[in-house]
Amino acid sequence: MTVSRYAYRSYKPEAGGSPDFFAKSIATLEGVSAIWFLERRHLINSKSPRMPPDTLHRLMGLYAEEAERCIRCGFCNSVCPTTLTSIGFKPSKTSRGRLVLLQSALQSGWPDPLSKNFKELIDLCIGCTRCVDVCPAGIPIPTVMSAYRAAYIGKRGVGSLDRPERVIANFEGFVRGLSRMNGWLRHLILTKPTLYLFKRLAGFADDALLPLPEGGVLDEVFRREALKSGLRVYAFFADTYARYVRPSIAVSARYLLNQAGIDLFLPPQRDSGILYWELGMWEKVKELARLNVESLHREAVKGRRIVCTSPASTMMLREVYPRILDEEKSREVAESVVDINELIHDFVHLGRISADLSRERCVTHSTCLSQHLRLTSLIADTLETLNVNVDKVLLDCCGSGGLWGMLEKNRALSREIGERLVRKLGTSGLVVSYSETCALQISSLTGRRVEAKLPHEALYSWILQPKARTPPANISPAS
Ligand code: SF4
Ligand code: SF4
């Protein structure tokens, strides 16, 4: 038993103890040792814990036990993008520091897990998943952080989220509404002054490129075009980005897969819930997961693969849904999921997608989630097999963390993280990067001098649209 556990039990009322100052101090000091002494005395800002350890344990469920398994080795620090910055010298602002603070809160109630300071420290985890592969204890660190946020919301309510977080929680509805608007009305709304005003009011940074709809709704695009006869049908999980923000992502995926004898069908579906997951709104994630699993399972039992064109969607369907729903259907859906890059890689090696792209040149950016999903070498191999000249493969984080880096409160740190990547990217050219928000971040950090495309979009434009930059949402089928 650790000293802090012993000390905590000694004053736990139900164990017959009393909350004497000495026991409480030992519990706290062992947990936050370096952190508390060095720099964050104000974390301990009330006389009695507002969320007693038992409550935090109950609300975090088995992820409380995961946090307690941390052996404080610091391996996660060595890969954590927010730790490897100018704030990383402060122990509380590191990946290990967050685990240590959480352990202390779980053991002693200190530092106060309901305090704003504590939540701000936890919110420095952007969910990139880089640490998961290096943690010797096998702790799903971003999920533990999300579980803490869920506990925070469980105790204080969704109303306790700050304004930018509330905007993110409503982002899906916002882009869905915009995408359905008449073209001229949308353009009227998305002028520079209105966008500026929106960013200021919602808490987004002026220089961030927001994921705003290009026009068209994917459901209508797919409805206009019947499935092509003679092709094998796979189900397509589009998620909010391909459905409402850039339907051209889905259109290019569909035409590229047509070359390999596959057509895509769009079953009923909702948002994957990745933004709610990051915010800790687990009840909302569960609601969306149940609806998506119910619909996608009907496709899976027909033997259809479920294709994703976003690493966030692949991760949500494969890893998060089975974890939070914990039922057979979600596991069966997870087994049917295939990422578009895995599919293309297989088809290129089977000769079902072929081309000589020796005139094409690019840099490849392996995003955090690409690395987590083991897609880096698959994407590189696909490009190499098709003779694309890949100048370099960059593994650095761009600092976007989904919408996290677009918020004004995080922008300076996000830019600092992304600078290393931008320096290596150079000043112009094409970068192939598998994440929609990483592509936006690269464009904004390079002043749009570097063009960023998803891997399948780049292949689509090289193979099927050599003269076009990106396909419009209402593009006609390739004959
Ligand atoms: S790598 Fe794992 S065990 Fe080591 S400090 Fe980080 S969370 Fe703890
Ligand atoms: S998920 Fe990313 S940001 Fe969060 S602790 Fe791990 S490496 Fe750091």
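Visitor: In which order do the 4 strands E5, E6, E7 and E8 form an open sheet, and is the pairing parallel or antiparallel?

Guide: The order is E6-E5-E7-E8 and the pairing is parallel. This is a predicted model, where local features need pLDDT of at least 70, side-chain atom pairs count only at pLDDT 80 or more, and totals for chains, interfaces and linings use all residues. Residues are numbered from 1 along each chain as its sequence is written, while chains are lettered from A and ligands numbered from 1 in the order in which they are written.

Visitor: How do you know that E5 and E7 pair?

Guide: Pairing takes at least two DSSP bridges, and strand E5 (residues 361-365) has 3 bridges to strand E7 (residues 429-433), in the parallel sense. Thr364 has Val432 of E7 as its bridge partner. Strands are DSSP runs (E, at least two residues), as are helices (H or I, at least four).

Visitor: What makes E6 and E8 edge strands?

Guide: Strand E6 (389-394) and strand E8 (450-453) each have a single partner strand, so one side of each is without a neighbour in the sheet. From one strand to the next, the twist averages 30°.

Visitor: Why are H14 and H24 called oblique to each other?

Guide: The axes of helix H14 (residues 247-258) and helix H24 (residues 455-463) cross at roughly 60° and come within 9 Å. Such angles run from 0 to 180 degrees between N-to-C directions, with axes fitted to C-alpha atoms. Under 35 degrees is roughly parallel, over 145 roughly antiparallel, 65 to 115 roughly perpendicular and the rest oblique; H14 and H24 are therefore oblique. The crossing is left-handed, that is, the near helix is turned anticlockwise from the far one by less than a right angle.

Visitor: Which residues make the contact between H14 and H24?

Guide: H14 gives Ile249, Ser252, Ala253, Tyr255 and Leu256, and H24 gives His456, Glu457, Leu459 and Tyr460. Contact here requires C-beta atoms, placed from the backbone, within 7 Å.

Visitor: At what angle do H19 and H21 pack?

Guide: H19 and helix H21 (residues 376-385) pack at about 35°, with axes 9 Å apart, in a left-handed crossing. Among the contacting residues are Asn341 and Ile344 of H19 and Leu378 and Thr382 of H21.

Visitor: What makes a residue part of the shell around a ligand?

Guide: Its C-beta atom, placed from the backbone, must lie within 6 Å. For ligand 1, 15 residues qualify, and Cys70, Cys73, Phe75, Cys76 and Cys135 come nearest. Helix H5 (residues 95-108) gives the most to that shell, with 3 residues. Ligand 2 is surrounded by 15 residues, the closest being Cys80, Ser95, Cys125, Cys128 and Cys131.

Terms used. Contact = placed C-beta atoms within 7 Å.
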